[in-house]
Amino acid sequence: MLVKDKKFFLILPLCLASTAPSAGWAEEEEPQVVAEIQSRHIYSSDIEATDDDIDITATKFDLTYKFKVAGELPVDISLGVGHKDINADTSVDLPSRLESRRLGLSTKFPVPFVSDDRFFMGIDILPTLNTDSWDWKSGAFRIPFRSYLIFKESDDFILVCGVTVRPEYEREVIPLIGLIYRPNDRLAFNLASDDPNISYKLTDATLLRWDFQYAFDEYEVTRGAQEGVVLQYQEISSGFGIEHQFNEVFKGIVSVGGVFNRQLGYKDDVGKVAPETGFYTSARLTASF
């Protein structure tokens, strides 16, 4: 297992917050398309216990269509594509790139047989294919899903709790908990999202952000000496950034920060590297229309 017990309990609170789905579903009445592209570079850092080093550049594109069935039931349909370039000087036979493809279907609805209209349920189904190439290998196909309960006191206070289930992963079940809390017009804790952050509004168009991200992913290697073996990719990152709403359509975010608790290792114990804490820069552009 990639995570040592002590490290796991240290990062667990962040992991739980980061895995929570968005609960702010009631704001959009009309169908909406959201497109997002992001690029992040983790600068070269040493690998523990060796003289080797590694740097990683990751890009991803997400497209989401949000609408309501019969004007009541909110549904999100999404497509995500990710690419990682790995430049590693190490004796471990790591792939030079990792590719991810993910579909998503999400919905939220009032809890059955509960008269309190502050309680909702959510279900997300996320078919995923992670490999080191664009080949469509059936052995790499997984269908993670998550189910959760939402308590919405108001738009300013929302709690989420549930579970994420990832069949065939080493860590198949992950508890899920999240919070949205806006104590005033400027400060917001958005920890019930796939983009967890704490933000402070400088102006109506500009926010300062403290961002969190994580990855506990698995990729099936399709080429080279490790063909058919699963590579586990793990990291936690946190940093500061600035978000600016250019107009009604476009929003940009730039951030810098640190990446820690990093490991890349094969599931069959044929090799593992543990990069030291690294430094990253990230840029993201979102269009909503």
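**Charged pairs and cores**

I looked up Arg118 and found it partly exposed, with a relative accessible area of 30% (buried means under 20%, exposed over 50%, partly exposed in between, with a 1.4 Å probe and protein chains only). The model is predicted, so I note that local features need pLDDT of at least 70, side-chain atom pairs count only at pLDDT 80 or more, and totals for chains, interfaces and linings use all residues. Residues are numbered from 1 along each chain as its sequence is written, and side-chain values use heavy atoms, with hydrogens and water left out.

Arg118 forms a salt bridge with Asp116, their closest N and O atoms being 2.9 Å apart (a side-chain nitrogen of Lys or Arg within 4 Å of a carboxyl oxygen of Asp or Glu). Asp116 is partly exposed at 26%.

I then turned to Arg146, which is buried with a relative accessible area of 10% and forms a salt bridge with Asp194, at 3.2 Å between the closest N and O atoms. Searching the whole structure, I noted 16 salt bridges, and a network of them links Asp195, Arg209, Asp211, Glu243, Lys251 and Arg284.

Last, I looked up the largest nonpolar core, which has 19 residues, with Ile54, Leu94 and Leu264 among those with the most contacts inside it (such a core is a set of buried Ala, Val, Leu, Ile, Met, Phe, Trp, Tyr and Cys residues joined through side-chain atoms within 4.5 Å). A second, separate core of eight residues includes Phe120 and Ile158.
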